[in-house]
Structure formats: structure tokens, C-alpha cells
Amino acid sequence: MRLPHGLSFAIGTLSVFPVHVERVDREVAGQAMTLAPAIGLALGLLAGLPLLLPGPPLLGAALAVGLLAVLTRGLHLDGLADLADGLGSGKPAAQALDIMKKSDIGPFGVMTLLLTLLVQVAAAAGAGYAALVTACVAGRLALTWACRESVPAARPEGLGAMVAGTVRRPAPLLVTLAALLGTAAICLGLTGEAVLPLGLVAGLGAALLLLGHARRRLGGITGDVLGALVEAATATTLAVCAILG
């Protein structure tokens, strides 16, 4: 079965699943980034399954976060570490971008990676399956917002240049509204509380704050910036859900 071009691009870029991408251009990239939260939903539904198994919640959470990393080829975690090294260097934009392109990982990257994974595992253990699914949606919703028309690319090549500015208004608002309605419906069915929508908003807010900082320091987005936004939103959403739940 032939998938729509935007969906194929989204699956191929944001997951480990092999798909045949026939067309790659900025129009397709915009469609893919608009569909990114749907990919996050599918990833969360799969990655969260260990949380439903009998056994210690912490073990299930560790397996779930590890499975999520496998399902995304670890690319978002790699982007988080690279951005931490680049921003942590304190260098001007051009030099920071050069640092981010290196294949090795520095001390800022290691510390940020470890802290983020610890938060995700600990929070997922307390928040549960629905919160992990919501966090995965929030992480990819951050991509939709980061690729809206007003956000430039930091360099003229790479994934960031391909997707930057491709999502047109009012797509980010409409996708966010759909995500909020979906999480609110789940909350009403489970607990009657608004934990999941609040976690989603908090995760998106944290990602937008990081996006603003990256834009000021680097001049725009790169693939590494996008990966870091996913992980920041995921961790924040899980933490808020764990605290409020």
C-alpha cells in the first residue's frame, strides 16, 4: 500500500520503521511535521507497553524509555546531547554549530543525557502508560511548532534547513487543539482530572522556551535542536504528570 508522501516522510524521519519515501521536498516536509504528533502517538502506544506488564514500575519505565529510544533510533537523544555541548560551550553561533556536528559527546552532553533519561524513567514509573503516550505526543507536537513559518534554519543544509518554516498557520494551533481534546477525553474517562492536558501544555511550553534560547544562540533550528525539543517536551510532560497525578 502506498502511503501519502507526508506520512511516509514522517515515519521514515521520526521512527525506526522502514518506509519507501518517494518524494522529499519542503511541501512534503511541512506535511510530515504537521503529522509528527500522530507518529508520537503511535510510538507512545508501542513504547509504553512495558509499563502494563506485571513487575516493579521502575523496571517497566526503564524498559519503556529504552524501547522508545530504539523505536526512534536514538536520534532525538543524540540531538539533545549535541545541543547541550554546543550551547554549553559558550562559543559564538558558528563555532557552537561546528561543535554540534562532531560525532563525539562532551561533558555537557553526557550530563544532560543522563539527567533527562533519569527524569523520564523516574517520572514514567510514577505517571504510567497514558502519561508516556501523552509525553510522546507532546514531544512531536514541539516539532510542529518549531517548524512553523516564522522559525528559520540555523544553517543552509541538513534536516533543519529542509523542515524549517514549512508548517503553515493555523496548523500548529489546530494540531495542539486536537491533542488537548484527546488527552482531556482520556482524563475524563480515567480519573476526571486534567493531568494529561496540563502535562502536554507544560511539555510544549518547555520545548518552546528551549527553542527560543536556541534561536537566540544559534540563529535558528537544526536537526539537533529538533531532537532536543522532543526530549525536553517528553521529560517535562512526564514529570508534570507524575507530580500532579
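What follows is a walk through some features of this model.

Mentor: First, the ground rules: this is a predicted model, in which local features need pLDDT of at least 70, side-chain atom pairs count only at pLDDT 80 or more, and totals for chains, interfaces and linings use all residues. Residues are numbered from 1 along each chain as its sequence is written, and side-chain values use heavy atoms, with hydrogens and water left out.

Trainee: What volume does the largest pocket have, and how is a pocket defined?
Mentor: Rolling a probe the size of a water molecule over the atoms shows where empty space is left. On a 1 Å grid over the protein atoms alone, a cavity is a set of points where a 1.4 Å probe fits but cannot get out, while a pocket is an open set with protein on both sides within 12 Å along at least five of seven lines; lining residues have an atom within 4 Å of a point. Grid points are joined across faces, edges and corners, and the volume is the space filled by probe spheres set on the points. Here the largest pocket has a volume of about 340 Å³. It is lined by 19 residues, of which L159, T222, G223, D224 and G227 are the closest to its centre.

Trainee: Which helices each supply at least two residues of that pocket's lining?
Mentor: They are helix 1 (5-14), helix 4 (75-88), helix 8 (159-163) and helix 11 (223-244). Helices here are DSSP runs of H or I with at least four residues, numbered from the N terminus. By class, the pocket lining has seven nonpolar, eight polar and four charged residues. Ala, Val, Leu, Ile, Met, Phe, Trp, Tyr, Cys and Pro count as nonpolar, Asp, Glu, Lys and Arg as charged, and the others, Gly among them, as polar.

Trainee: How many cavities of 30 Å³ or more are there?
Mentor: The count is one, and the largest cavity holds about 70 Å³ of space. Its lining includes V65, L68, H76, R140 and E231. Helix 3, helix 4 and helix 11 each supply at least two of the lining residues, and the lining has five nonpolar, four polar and two charged residues.

Trainee: How many salt bridges does the whole structure have?
Mentor: A salt bridge is a side-chain nitrogen of Lys or Arg within 4 Å of a carboxyl oxygen of Asp or Glu, and the search finds three. R23 pairs with D25 (2.6 Å, N to O) and with E27 (2.8 Å, N to O). In the third, the closest N and O atoms of E157 and R155 are 3.7 Å apart. Shared partners join R23, D25 and E27 into one network.
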